[in-house]
Structure formats: structure tokens, C-alpha cells
Amino acid sequence: MYFEDEQTQTGSNGAMPDELTSDNYTVDTYISRVAADTTVGAFRQAFDQDAASIVVYAVSGEAAADSDLMKTGMTVSLVANGQTVKQYQTAVAGDLRGTGTVSSSSVRELLCMVTGASGFAPVTALAADYDGNGSVATTDARKMLGLLTAG
Ligand SMILES: [Ca+2]
């Protein structure tokens, strides 16, 4: 038996990934529980799949650089053999404004959500659940404020 001189780029087990998995994040239609101030580069390293197969797009549609911050509403593509296998939208905890950070305007937005003042996209509701207990409440706003005042 001999081996062909052939390189494969599909990872250690050779199987083509068809979805992303991570111990750090919740992955379904959305990738949520991403911490504020996480860079795109660090995000791409946090999956069981090869970072080279993970492409992050800004809300504008342009590919994001590794030095950019992960933001609520970004698109993440899993790419295999040059084909997009699956796409996800990202929700950064406490980032309701798409800035990648927890800010006082995010807290204000959250309070509008809690009081039912306006409708919000599902991805924004995921981002608003800052403590990850499954519901959006004033406690999330309080914890975000605690973070802001602790700095
Ligand atoms: Ca919550």
C-alpha cells in the first residue's frame, strides 16, 4: 500500500463539516452568547471547525477583518470547497446597537424592549438577554449598567 501525494484541507478527520459547533457559543439559526468586545479573529478560533472555513461578514455585506469586533447582526458563513454550506446571524450579548460593545444606548434600547415600546428583530432579542437566562428583563439592563459603571 502507498499514499498518493495529495493534500487535503478538510481537517483532521477528513469529513466535510456541514454545521458549526462550539463550546463557547450557542449555535442554532443564530450564534449567540458571544461576549461584547470579542474580535472576529478570536471568534473564528472558538469553533470545532477550521477557522479557515469560517467567514464573517459585516452588516454592510463586506468581509470583516480579524481585528474587527463581533457585532449583533453580522453574518457568519461556513465554507467548504468554496461553497457556502451554512449561514448564521450573530447575537453579541448586550449589543443591541450593532457596535460590538455594551453601551448606554444599548441599555436604553433594552428598556424600550422590556416596556414593549417597539418591535425588535429576533437577533436583537437574543442580544438583549445579557445574562443568558432565556428572557429579556430589567435585570439584563441592570447587569449591563453594572458593567458600564465598573469600568
Ligand atoms: Ca436575561
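This is a predicted model: local features need pLDDT of at least 70, side-chain atom pairs count only at pLDDT 80 or more; totals for chains, interfaces and linings use all residues.
**View 1. The largest nonpolar core.** Of the 33 residues in this core, those touching the most other members are Val-34, Val-56, Ala-91, Val-92, Leu-110, Ala-127 and Ala-128. A nonpolar core here is a set of buried Ala, Val, Leu, Ile, Met, Phe, Trp, Tyr and Cys residues joined through C-beta atoms within 7 Å. A residue is buried if 20 or more other C-beta atoms lie within 10 Å of its own, exposed if 12 or fewer, and partly exposed in between, with C-beta atoms placed from the backbone. Two or more residues come from each of β2, α1 (40-44), β3, β4, β5, α2 (104-114), α3 (122-128) and α4 (138-150).

Residues are numbered from 1 along each chain as its sequence is written.

**View 2. The whole chain, for orientation.** The protein chain has four helices and five strands, and from the N terminus on its elements run β-β-α-β-β-β-α-α-α. Helices (H or I, at least four residues) and strands (E, at least two) are DSSP runs, numbered from the N terminus. The C-alpha atoms fill a box of roughly 70 × 30 × 30 Å, taken along the principal axes. Of the 151 residues, 32% count as buried.

View 3. The chain is divided into domain 1 (26-92) and domain 2 (104-150), with bounds from an automatic or database domain assignment. Their C-alpha centres lie 22 Å apart. Eight residues from domain 1 and five residues from domain 2 take part in the contact; two residues are in contact if their C-beta atoms, placed from the backbone, lie within 7 Å. On the domain 1 side, β2 (30-34) and β5 (83-92) each supply at least two residues. By class, that side has three nonpolar, four polar and one charged residues. Here Ala, Val, Leu, Ile, Met, Phe, Trp, Tyr, Cys and Pro count as nonpolar, Asp, Glu, Lys and Arg as charged, and the others, Gly among them, as polar.

**View 4. Strand β5 and its partners.** Follow β5 and you will meet β2, which runs parallel to β5 and is joined to it by three bridges; Tyr-30 stands opposite Gln-89 in β5. Strands pair if DSSP finds at least two bridges between them. Strand β4 (residues 75-80) is antiparallel to β5, with six bridges. Ser-77 faces Gln-87 of β5, and Leu-78 has Lys-86 as its bridge partner there.

View 5. Two residues separate β4 and β5 in their hairpin, and Asn-81 in the turn has a positive phi of about 55°. Strand β3 (residues 54-57) pairs with β4 in the antiparallel sense over four bridges. Tyr-57 stands opposite Thr-75 in β4.

**View 6. The surroundings of Ala-127.** Leaving aside neighbours within four places in sequence, Ala-127 is in contact with Thr-72, Ala-91, Val-92, Ala-93, Gly-94, Asp-95 and Leu-96.
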